[in-house]
Structure formats: structure tokens, C-alpha cells
Amino acid sequence: MPHKPAVVPSTARVVVLVSGGGSNLAELLRHHTDPAYGARVVGVVSDRTDAGGLDVARGAGVPTAVVAPADFADRGEWDRAMAQAVAVFDPALVVSAGFMRILGQPFLERFPDKVVNTHPALLPSFPGAHGVRDALAHGVRVTGCTVHLVDSGVDTGPILAQRAVEVLDGDDEATLHERIKVVERALLVDVVGRVVRDGVRVEGRRATIG
Ligand code: GRF
């Protein structure tokens with residue numbers, strides 16, 4: 001019988017940025033060993049030495065780096081050090097998953113249209129660090145999550161995908177955020193996979209996968 005070489009799908013190198021517990025990272029790691037998924041997390045970078053996401057990464061054998069702002073003279077220096085720490089892993093895509101800092105121009109110029117972020121609200125409503133709290137305080141009945149490309153603004157880049165989550169009577173920030181995070185993790189895994197497999201076209205504010 002003639003030898004038929006196995007088809008090895010190419011796998012995109014992904015770096016994940018975390019500041020918190022890393023449940024989004026954990027969900028990505030649950031998929032990244034599947035060659036059909038198309039993305040493999042090759043590095044995790046944080047701004048905090050105490051980020052739980054670093055332990056999640058270590059548990060999966062993924063290399064980590066910490067670039068703490070306090071170790072740099074100014075914002076530009078930190079941005080450049082972040083860019084360098086990420087570039088070491090030679091990523092095709094950078095995923096900000098609960099990374100609680102704004103990435104500046106020196107970073108974004110290094111990875112043009114290659115950085116995605118997940119946000120726990122339906123942008124452009126409720127950008128910033130307190131999207132869940134702000135949505136609740138506003139009294140909306142539906143909120144959700146958004147995965148978008150990162151530009152130099154605060155949660156302003158072209159939107160890749162969104163999912164809605166109903167606000168329930170009696171919700172507080174913690175209960176609402178937990179329900180959003182369940183939906184958010186699934187959305188992030190889906191979008192990252194499609195982006196690396198099919199690519200993204202950006203025309204003005206419209207971003208289209210595939
Ligand atoms: C997510 O809801 C993310 O959108 C927000 O912080 C949360 C991070 O969760 N910015 P985790 O660290 O991935 O568990």
C-alpha cells in the first residue's frame with residue numbers, strides 16, 4: 001500500500017495576557033492540544049506576579065513571563081518591555097484575556113491587527129475596568145460579552161463577536177459576572193479558533209472573520 005503522509009494542520013502560536021485568575025486562559029488550554037483547533041498557547045505574560053493565570057499556565061507546562069509596571073521608568077518603557085516579552089514567543093495572535101492594562105502604541109505597532117481582547121459587556125456600552133458593575137448600575141436588562149480587536153483606545157477596537165446575557169432580578173456584580181464569564185469563555189475559544197484558522201478582514205469599523 002502506498003504511504004500516505006498524514007495531513008498536519010498548521011497551528012498558530014498564541015500568547016495570552018492575563019492579570020487575574022485565568023479562567024479564560026484555562027478554557028483556551030482545554031482546546032489548544034487539539035490540532036483541529038488550530039491555535040496553541042505558547043506563552044503567557046502578566047503584569048502581576050500574583051496573577052492566578054500564571055499558575056494555570058505553569059500547570060499546563062506553558063512558559064510564563066511577568067512585566068510589572070513598577071519595574072520600569074515610565075509607561076513607554078513598560079510598553080516596549082511588554083512587546084519584547086511577547087515577541088520572544090513569536091505569536092501569530094495575542095489574546096488579552098482579563099489583562100487589566102491598556103496596551104500602548106509601542107506594543108500595538110509590533111503586533112498590528114494581531115491583538116484581541118475579551119470584555120464583559122456589550123461594547124460600545126460600558127467599556128473600561130468595571131463593565132459589569134457599570135451595566136448593572138445603569139439598570140440594563142441585557143448585557144453580555146464582546147471579543148474585539150485591540151486598538152489604541154479603551155475597548156474601542158473593531159468587534160469580532162458578541163453574546164448577550166440577561167440580567168436577572170437580584171443579580172449583583174459577582175453573580176452577573178460569573179454568568180457572563182461562562183458565555184465569555186466559550187465565545188473567546190470560538191473566536192480565537194476561527195481567527196487563526198480563517199483570518200480577519202478589517203474595513204473601517206467592520207471586522208469579518210474568514
Ligand atoms: C473576564 O470577564 C474579562 O473579560 C475581564 O476580567 C475577567 C477575567 O477573567 N476583563 P479570568 O481571569 O479569565 O478568569
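1. α6 contributes the most to the shell around the ligand, with three residues. At least two shell residues each come from α1 (23-31), β5 (115-119) and α6 (173-198). Helices (H or I, at least four residues) and strands (E, at least two) are DSSP runs, numbered from the N terminus.

2. The model is predicted: local features need pLDDT of at least 70, side-chain atom pairs count only at pLDDT 80 or more, and totals for chains, interfaces and linings use all residues. Residues are numbered from 1 along each chain as its sequence is written, and side-chain values use heavy atoms, with hydrogens and water left out.

3. Around the ligand there are 13 residues, of which G22, S23, N24, H177 and E184 come nearest; a residue is near a molecule if one of its heavy atoms lies within 4 Å of it. The shell is made up of two nonpolar, nine polar and two charged residues, with Gly counted among the polar ones.

4. A backbone N or O atom lies 2.8 Å away in the case of G22 and 3.2 Å away in the case of T118. For E184, a side-chain N or O atom is 2.4 Å from a ligand oxygen. Of the 370 Å² of accessible area that the ligand has on its own, the protein covers 90% (Shrake-Rupley method, 1.4 Å probe).

5. The ligand takes up the space of the largest pocket. On a 1 Å grid over the protein atoms alone, a pocket is an open set of points where a 1.4 Å probe fits, with protein on both sides within 12 Å along at least five of seven lines.

6. The whole structure holds 11 salt bridges (a side-chain nitrogen of Lys or Arg within 4 Å of a carboxyl oxygen of Asp or Glu). One of them joins R101 and D47, at 2.6 Å from N to O. This pair links distant parts of the chain, 54 residues apart: R101 is in the loop between β4 (93-96) and α4 (105-110), and D47 in the loop between β2 (39-46) and α2 (52-59).

7. L123 and P124 are joined by a cis peptide bond with omega of about 10°, and P124 lies in the loop between β5 and α5 (131-138). D90, which is not a glycine, has a positive phi of about 50° and is located in the loop between α3 (75-87) and β4. Most residues other than glycine have a negative phi, and most peptide bonds are trans.

Notes
A polar contact is a pair of N or O atoms within 3.5 Å; within protein, one must be able to donate a hydrogen and the other to accept it, and residues adjacent in sequence count only if both atoms are side-chain atoms. On a 1 Å grid over the protein atoms alone, a cavity is a set of points where a 1.4 Å probe fits but cannot get out, and a pocket is an open set with protein on both sides within 12 Å along at least five of seven lines; lining residues have an atom within 4 Å of a point. A molecule sits in a cavity or pocket if more than half of its atoms lie within 2 Å of its grid points.
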